[in-house]
Amino acid sequence: MILQDSVLKLKNMISESRNIVFFGGAGVSTESGIKDFRSADGIYMMDYKFPPESVLSHTFFKKHTEEFFDFYRKYLCFPDAKPNMAHIKLAELENQGKLKAVITQNVDGLHQLAGSNTVYELHGSALRNYCTKCGKFYDFDFVYKSNGVPKCECGGIVKPDVVLYEEGLDNDTVENAVNAIANADMLIVAGTSLTVYPAAGFIRYFSGDKLVLINKDSTAMDEKFGLVIHGKIGEVLKETV
Ligand code: NAD
Ligand code: ZN
């Protein structure tokens, strides 16, 4: 049961705010049935023949492309996932004109599916794929339903538009995300262990006074937040918005 007191505080903060920005991670989609990385039942705790950090690196993609795609299809493709209460309530807040942007580390596209329009995907999207040779676009199904290494008609490898470890973030996306945070009067951070950089460091651009963390487990940054709610983001937003 979520503390009524915290929910009330959160409600008041939202009603006082005009420029809310939401910054989320894998925990935002666990209520849609998608595993996160660092929870007790997350992907990092599973017994896989390679450690997930290394499988999702650029070096691994280059050296062991077939294994990369095995892992990728199994753990980062979610063909049947539907938006949960968190995605739905955030889209509602944007509709009301209160929320100005969703910044996400997720690659599942669920915010857009729930109706959010301004979404900055720091780590790209599994719904987009490009040929590494000619740049031709391929959709989700092309990669998900192919076997082995997906190949373009030109012979090039088709790579998901997902930011791997060792790869840089897209400049425009970073600029938009940082600007949104810098201009916000309220920042809600949720469902993220705040351990993946540079994304986790973006929070320091916030200069408002309403900084909220909603996370199932505690994070190393809990003490930086004015309000911390240890609970499930979908349940909290359902009671709040
Ligand atoms: P993480 O796995 O490191 O941490 C997830 C955090 O969310 C944990 O602290 C956990 O306590 C919390 N959490 C889990 N369920 C929650 C819920 N219902 N409500 C509130 N909190 C909840 O995730 P991260 O910090 O986003 O870093 C992982 C990286 O992996 C990201 O860069 C992301 O790109 C990628 N990833 C994406 C997806 C996806 O697209 N859905 C899924 C797994 C991983
Ligand atoms: Zn090609």
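## Pockets and model

A pocket, found on a 1 Å grid over the protein atoms alone, is an open set of points where a 1.4 Å probe fits, with protein on both sides within 12 Å along at least five of seven lines; its lining residues have an atom within 4 Å of a point. This is a predicted model: local features need pLDDT of at least 70, side-chain atom pairs count only at pLDDT 80 or more, and totals for chains, interfaces and linings use all residues. Side-chain values use heavy atoms, without hydrogens or water, and residues are numbered from 1 along each chain as its sequence is written.

## The largest pocket

The largest pocket has a volume of about 850 Å³. Volume here is the space filled by probe spheres set on the grid points, which are joined across faces, edges and corners. The lining comprises 46 residues. Gly25, Ala26, Phe37, Arg38 and Asn106 lie nearest the centre.

By class, the lining holds 20 nonpolar, 16 polar and 10 charged residues. Ala, Val, Leu, Ile, Met, Phe, Trp, Tyr, Cys and Pro count as nonpolar, Asp, Glu, Lys and Arg as charged, and the others, Gly among them, as polar.

## Ligand 1

Ligand 1 takes up the space of the largest pocket. To sit there, a molecule must have more than half of its atoms within 2 Å of the pocket's grid points. The shell around ligand 1 has 27 residues, each with a heavy atom within 4 Å. Arg38, Gln105, His123, Ser193 and Asp217 are the closest. The shell divides into six nonpolar, 13 polar and eight charged residues.

A backbone N or O atom of valine 107 lies 2.7 Å from one ligand oxygen. A polar side-chain atom of histidine 123 is 2.7 Å from a ligand oxygen. For threonine 192, a side-chain N or O atom lies 2.7 Å from an oxygen of ligand 1. Alone, the ligand exposes 860 Å², and the protein buries 97% of that (Shrake-Rupley method, 1.4 Å probe).

## The second largest pocket

About 240 Å³ of space lies in the second largest pocket. Its lining has 17 residues, with Glu121, Gly124, Arg128, Asp161 and Asp170 nearest the centre. β3 (119-121), β4 (124-131) and β6 (158-162) each give two or more residues. Strands are DSSP E runs of at least two residues, and helices are H or I runs of at least four, numbered from the N terminus. β6 gives the most, with four residues. The lining divides into seven nonpolar, four polar and six charged residues.

## Backbone exceptions

Most residues other than glycine have a negative phi, and most peptide bonds are trans. The bond from tyrosine 197 to proline 198 is cis, with omega near 5°. Proline 198 is in the loop between β7 (186-190) and β8 (210-214). Glutamate 166 has a positive phi, near 80°. Glutamate 166 lies in the loop between β6 and α8 (171-183).

Conventions
Chains are lettered from A and ligands numbered from 1 in the order in which they are written. A polar contact is a pair of N or O atoms within 3.5 Å; within protein, one must be able to donate a hydrogen and the other to accept it, and residues adjacent in sequence count only if both atoms are side-chain atoms.
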